[in-house]
Amino acid sequence: MGLTLFPFIILKKRQLLDDEVLMNHERIHLKQQLEMLVVPFYICYVFEFIMRLMWYFNWKKAYRNISFEREAYSN
């Protein structure tokens, strides 16, 4: 539905701009990227996703258990 590539939030549909939960989630990712100086965020994100994918053997479960995603979903 949404993807955050600093400094942009890319949405599948324009109507998603009205989804406050999704927009908050994506804004949290922007803050995470800034805190980690952007490039290290992507390196850590991909590394953690690969590790979780090897652990769960399930793309969706691996994605949902990335620490950055857990933080964004919980807030």
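Predicted model: local features only at pLDDT ≥ 70, side-chain atom pairs only at ≥ 80, totals over all residues.
How do the residues of the lining of the second largest pocket divide into nonpolar, polar and charged? There are seven nonpolar, five polar and two charged.

The largest pocket has a volume of about 380 Å³. It is lined by 15 residues, and the closest to its centre are Leu22, His25, Glu26, Tyr63 and Tyr73. Three helices each supply at least two residues of this lining: H1 (20-35), H3 (59-64) and H4 (67-74). Helix H1 gives the largest share, with five residues. By type, the lining of the largest pocket holds seven nonpolar, four polar and four charged residues.

The second largest pocket contains about 220 Å³ of space. Its lining has 14 residues, and Leu3, Thr4, His29, Tyr45 and Glu69 are the closest to its centre. Strand S1 (2-5), helix H1 and helix H2 each give two or more residues to this lining.

## Leu3 and strand S1

Leu3 is among the residues closest to the centre of the second largest pocket. Leu3 sits in strand S1. Is Leu3 buried, partly exposed or exposed? Leu3 counts as partly exposed because its relative accessible area is 45%, between the 20% and 50% cut-offs. Leu3 and Cys44 are 41 residues apart in sequence. In space, their C-alpha atoms are 16 Å apart.

The loop between S1 and strand S2 (8-11) holds Pro7. A cis peptide bond joins Phe6 to Pro7. Omega for this bond is about 5°.

## Arg27 in helix H1

Arg27 belongs to helix H1. Its relative accessible area is 44%, so Arg27 is partly exposed. From Arg27 to Tyr63 the sequence separation is 36 residues. The C-alpha to C-alpha distance between Arg27 and Tyr63 is 18 Å. Tyr63 is one of the residues closest to the centre of the largest pocket.

Which residues form a nonpolar patch on the surface? They are Val46, Phe47, Ile50, Met51 and Met54. Together they have about 500 Å² of accessible area.

Val46 is in helix H2 (residues 39-56). Val46 is partly exposed because its relative accessible area is 46%. Ile50 also has its place in helix H2. Ile50 is partly exposed too, because its relative accessibility is 42%.

Ile50 and Ala62 are twelve residues apart in sequence. Their C-alpha atoms are 8.0 Å apart in space.

## The salt bridge

How many salt bridges does the count come to? The count is one. The side chains of Arg52 and Glu48 form a salt bridge, with 3.1 Å from N to O. That distance is within the 4 Å cut-off, so the pair qualifies.

Arg52 and Glu48 both lie in helix H2. They are four residues apart, about one turn of the helix. What about cover? Glu48 is buried because its relative accessible area is 15%, under the 20% cut-off. Arg52 counts as partly exposed because its relative accessibility is 24%.

## Positive phi in two loops

Two residues other than glycine have a positive phi: Val38 and Phe57. For Val38, phi is near 60°. Val38 lies in the loop between H1 and H2.

For Phe57, phi is about 55°. Phe57 has its place in the loop between H2 and H3. Is Phe57 buried or exposed? Phe57 counts as exposed because its relative accessibility is 74%, over the 50% cut-off.

Terms used: Residues numbered from 1 in each chain as written. Heavy atoms only, no water. Patch = residues over 30% accessible without salt bridge, like charges linked within 9 Å, V, L, I, M, F, W, Y side chains within 5 Å. Areas by Shrake-Rupley, 256 points an atom, 1.4 Å probe, with all protein chains shown as cover. Buried < 20%, exposed > 50% of the residue type's maximum accessible area, 1.4 Å probe, protein only. 1 Å grid on protein atoms, 1.4 Å probe; cavity = no way out; pocket = protein on both sides within 12 Å on 5 of 7 lines; lining within 4 Å. Points joined across faces, edges and corners; volume = space filled by probe spheres on them. Nonpolar A, V, L, I, M, F, W, Y, C, P; charged D, E, K, R; others polar.
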